[in-house]
Amino acid sequence: MGARVTGVPIMFEGYSLAELGSIFAMQGFAGLILFSVFVLMALGLAIIFGQMGVINMAHGEFMILGAYVTYLCSTFISNYAPALFPVYFFIAMALAFIASGALGMLVEWGMIRFLYRRPLDTLLATWGLSLILQQVFRSVFGAREVGVVLPDWLMGSVAVTDTIEVPINGLFVMALTMAITIVIYAVMFRSRWGQGVRAVMQNRVMAGAVGINTEKVDRYTFGLGCGIAGVAGSAFTMIGSTGPTSGQLYIVDTFLVVVFGGAQSLIGTIASAFTISQAQSTMEFFLSGSTAKVLTLLTVVVILMLRPQGLFVLKVRR
Amino acid sequence: MTRTPQSRFFGRMDGDIAGILLLAALLIVILPLGLDIFRLNMVGKYLTYAFVALGLVLCWGSAGILSLGQGIFFGIGGYCMAMFLKLEASSPEATKIQSTPGIPDFMDWNQLKELPWFWEPFHSLSFSIVAVVAVPALLAFIVGLAMFKRRVGGVYFAIITQAFAAILTILIVGQQGYTGGINGITDLRTLKGWDIRTDEAKLVLYFVNAALLIGCLLLCLYVRRSKLGRILVALRDKEDRVRFSGYDVANFKIFVFCFAAALSAVGGAMFTLQVGFMSPSFVGIVPSIEMVIYCAVGGRLSLLGAVYGTLLVNWAKTMLSESFPELWLFAMGALFIGVVMVFPNGLAGLYQQYIAPHLRRLTARRSDGAAAGAPIIPPHTAAD
């Protein structure tokens, strides 16, 4: 996380009120970037886990695949088509979506579709997949973390006041997240296809009976979720570097975000991503990073124990 | 079945008991004779994971509760033992070069001036041994109570336990002064004055470990064959029906989860004794889920299978990572996928399917007539 403020425990004393205000604003912004990444990762998972009920432990690796595609794209374009460099990011994002989505559909066809009735087994199988993908990444790209070169217009920061500065790449990631969220909302809730997806997830047998090809819907839905993970990875390269095991670092956080929000609710996912990221980044400034993380995760887990269904519940008659 | 409860466990010389005797012979006679002390110590280390796998057979195989946080309990058990050993190793005489003698070295490095309160009771061996089992069981009880009473199960339970594993790892790594941080608690020397680092001590500990494992195996077998064990299977397959029959399903789940936790903790404590250190790398998400694969490879329904599965996977891991380190993750990944897609009942399932029928035919021919009339039911199909 580029936005992490590490450091020794610092207490409130010793800051003036204005400084405290700036700190909260800056940390709030850092939290917003974290929030964007969480949302991007969690959206794909919310579709795969929340809608389909499939535990995809390899979700992080699909994200990293997107990040590596972006890395390859940036290297390729800066070497062979420098004119396109300022906009390479959009090309990379489309390619990342296609690559991760295609791999996702392949995995669904080869593995997931046999396991819909055994969710715990899906969890183990996709964990195995994630190990294999990690090793593939390591063999192909090396164990070292790679980063992309940002085009000039994404560098630097905007000074809002004397003490508050916001980095442009962060703003860009946030805008991107908003755009993707709106697109997903439109696809899932405003299109004929999304209606089909929701019908299949709510009642597979009836959906099949009214003529929806449920197998095809499953495959494309899984592909869409993985594709979004790829885009998330693509966005992730703008604020951090990518290594073969980066995906694993976020998988538990992401699952917690989705479960905390209420697995079947997209709004819930966004709300919980917001809560968790803001809590974590604000606490991170005043406590050490690990304590902040422990407190956040613990709070989430305790709340989940008291309210297992999550923040937002989709009311469905079964 | 018309067998009386007593004969169900002790009276009959059945497949499971024979299998346990065979395993005991392998662990206590054959391996110590065939391996040098270095390899034997390694087998001993693998066997500590078998405790976890046994717990998972009951918890996951029998009761259908997949916990991805068994590393938590393994780790806590190991840490309880390590805290005792560390305190013994950091006597004021041994640590007089520190700025505060008498506290563990990593505390001194982190500028701690006195022993934290929760370390104090670990001066006592008997307290530590009780803590090894009691602390993880208590934690499992709290988690189980909160989750199972609210009917949270399945994948949600798996994810929450996984989150706990993550939390505990971050906590241990972060609180360096109290826990030894990422390196864990190292440089353990003696147990009540008895040096645990010598070859002789390693041999003794190996036998203690193997005996404990056989004991736990028998205990698990007893639990599985009791009425409780059959209720666990029933609630795995038709939870609502068990509930409507008047059982409080949650209590059974809490029990089996605590039991599995305590087993894992025993394994963890034995691990610390044999390997000589404990670190957060045995607590987190990755080791916890690896422990599930030990159980899955052996066969999630078979206690014996879990022990063999643990040995086999760990042996393969050592072999592969010694010679082809890059292949290991591929092999592990393929194992996860294969065990789920191709042979969900693991080694024990393959044995039941391909080897057991032949064995049965052989023995049936020999004792023809003697056992006429008594239908021979393979123990696993009868139990599960």
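These entries record what I looked up in a predicted model.

**Conventions.** I number residues from 1 along each chain as its sequence is written, and letter chains from A in the order in which they are written. Local features need pLDDT of at least 70 and side-chain atom pairs count only at pLDDT 80 or more, whereas totals for chains, interfaces and linings use all residues.

**Chain contact.** I looked up where chain A meets chain B: 32 residues of chain A are in contact with 36 residues of chain B (contact means C-beta atoms, placed from the backbone, within 7 Å). On the side of chain A, α4 (119–141), α9 (246–261) and α11 (289–306) each give two or more residues (helices are DSSP runs of H or I, at least four residues). I note that α4(A) provides the largest share, 14 residues. By class, this side has 23 nonpolar, seven polar and two charged residues (Ala, Val, Leu, Ile, Met, Phe, Trp, Tyr, Cys and Pro count as nonpolar, Asp, Glu, Lys and Arg as charged, and the others, Gly among them, as polar).

**Core.** I then examined the largest nonpolar core, which has 200 residues (buried Ala, Val, Leu, Ile, Met, Phe, Trp, Tyr and Cys residues joined through C-beta atoms within 7 Å; buried means 20 or more other C-beta atoms within 10 Å of a residue's own). Helix α1 (residues 17–51) of chain A supplies its largest share, 18 residues. B:A53, B:L54 and B:L56 have the most contacts inside this core. Not counting residues up to four places away in sequence, I find B:L54 touching B:C216, B:L217, B:C220, B:L263, B:L303 and B:A306.

How values were computed: Contact = placed C-beta atoms within 7 Å. Buried ≥ 20, exposed ≤ 12 C-beta atoms within 10 Å, placed from the backbone.
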